[in-house]
Amino acid sequence: MATENGKLEINGTNVAKVKVLNKATVLPSKKLGKKETFLTTFDLPYVTFYYNQKVLLYKAHAHDFKQIVEKLKEALGVVLGEFWPLAGRLGKDEEGVLRVEFSDDVDDDCDKYGVEVVEAAAEDVELADLAQNEASPLLQEVVPYTGVMNFEGLHLPLLAVQITKVKGGIVIGCSFNHAVLDGNATWHFMSSWAEISRGAPTISIPPFHDRAKARNTRVKLDLPESAEAHENAPESQDPSGGGEPKPAPRLREKIFPFSEKAIDRIKSQVNGNVASNGCKPFSTFQSLGVHLWLAISRARNLKAEDYTVFAIFTDCRKRVDPPMPNGYCGNLIQAIFTVTVAGMLQASGPEYGAGLLQKVIGEHDWQAIEKRSMEWEAVPKLFRYKDAGINSVAIGSSPRFKIYEVDFGFGKAERVKSGSNNKFDGMVYLYQGKDEGKSIDVEITLEAEAMERLEKDQEFLMEKISV
């Protein structure tokens, strides 16, 4: 169920720690007329993802809050003049193909467009409490659109922002429609918004909006009636349960920070036998990836014969032909998968799992992208969590995104987190560490019992060298 701004239910009891002070709609500050762009094969699979939630925690003076909010809204209006799709709504063309629409023409129903901005206050909430590694239920109160699926952008804003005053600072919670843009485009927007907020007259890198250059195939989808209908459909259920809905497992979400020294040690260990085996050296991602895969498999107590899948949401901007610019504003990702049995993964040394990752990443060239796209277009499929695979570890986001460079004029963030949307057992988000360099924050969602075991796994934690 969707969580309203400022309302949180814990154990059946409504808790209201956040008070909504004001709601407003922000439109592009310059006239744009009528705009539209259809959703491509790279966008459409994500219509049954949930809104992509990002939470940025900043130290700021409380007495400046109203001034900060107005400055952020003014800068948002300016940057929406460039990133206009985020001010739009989803719509359908005459053939029923989904597209993003925007208009500020007086003859159109222009009141339905714009970004929702909520101004709120949480007088009893400490910034430090929200910044802890363990995800707090309070996070749901400071970011909009929890439980809202992307196809609901047919009648809801494609971006919703909540700016909340807390003890010791402010929280900026953003919910982006994931059918409209991916992580790369999300952080491009955020850095551009911050750039304008700091006083820049224009943004450094303009967005590239011509999605047809990446793929020009139009696909009509049959959308579910609601998020609940999609989640409760028979094809969403575990076949081992006879198609009957199973109780949702208790999940925990936690960030595990890995210092630059820890990352270097992990990479060194995984590459220890590369020279003797004649293998290509493993990257930081491949090394950390197998480190996570091994540890999560141990935490789950998988049997030797149990299959386990590693899924990667891979940026395809430089893999498609012709390559697309970094400023491509949309989704240009595909999920790629590799699978093995847990016994082989654990017994073969880290280079085995790293080799599987290296192989599947290396093979995903423009021809593989084309093949996958044509297969999906022939039989369009709406995403479900179980599609990540059995006993899966699924990697999203990237430590390459410069999230701590998103400075709105009051310093870099104390912490950056994901909201609770799109979290399932085995979902992992990788973020740049706060001390930047090569440090990485690993945000993991696991069933509670497995998380308890992971927290005690010294081989995973690398605690002796993480400080």
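**Figure 1. Helices H7 and H9 cross in a right-handed sense in this predicted model.** Two packed helices are described by the angle between their axes and the distance between the axes. Here, helix H7 spans residues 284–299 and helix H9 spans residues 350–363; their axes come within 9 Å and cross at roughly 125°.

**Figure 2. Residues of H7 meet residues of H9.** From H7, the residues in contact are Phe285, Gln286, Gly289, Val290, Trp293 and Leu294. Their counterparts in H9 are Pro350, Gly353, Ala354, Leu356, Leu357, Gln358 and Ile361. Sorted by class, this contact of H7 with H9 comprises nine nonpolar and four polar residues, with no charged residues.

**Figure 3. Strand S7 is largely enclosed by the rest of the structure.** The strand covers residues 98–103, and six of its six residues are buried, so S7 is largely enclosed. In a regular strand the side chains alternate between the two faces of the sheet. In S7, one side carries Leu98, Val100 and Phe102, while the other carries Arg99, Glu101 and Ser103.

**Figure 4. Strand S7 pairs with strands S4 and S6.** Strand S4, residues 34–38, pairs with S7 in the antiparallel sense over five bridges. Within this pairing, lysine 35 has phenylalanine 102 of S7 as its bridge partner. Strand S6, residues 89–92, also pairs with S7 in the antiparallel sense, over four bridges. Leucine 90 stands opposite valine 100 in S7. S6 and S7 form a hairpin with five residues between the two strands. In the turn, glycine 96 has a positive phi of about 85°.

**Figure 5. Valine 320 is a buried residue in a loop.** This loop lies between strand S12 (307–315) and strand S13 (333–341). Valine 320 has a relative accessibility of 9% and therefore counts as buried, the cut-off being under 20%. Leaving aside residues up to four places away in sequence, valine 320 touches Phe42, Leu332, Trp366 and Ile369. The view also includes alanine 368, which is 48 residues from valine 320 in sequence. The C-alpha atoms of valine 320 and alanine 368 are 9.5 Å apart in space.

Note on methods: Residues numbered from 1 in each chain as written. Predicted model: local features only at pLDDT ≥ 70, side-chain atom pairs only at ≥ 80, totals over all residues. Heavy atoms only, no water. Axes fitted to C-alpha atoms, helices over the stretch in contact; angles between N-to-C directions. Left-handed = near helix turned anticlockwise from the far one by under 90°. Contact = heavy atoms within 4.5 Å. Nonpolar A, V, L, I, M, F, W, Y, C, P; charged D, E, K, R; others polar. Buried < 20%, exposed > 50% of the residue type's maximum accessible area, 1.4 Å probe, protein only. Pairing = 2+ DSSP bridges.
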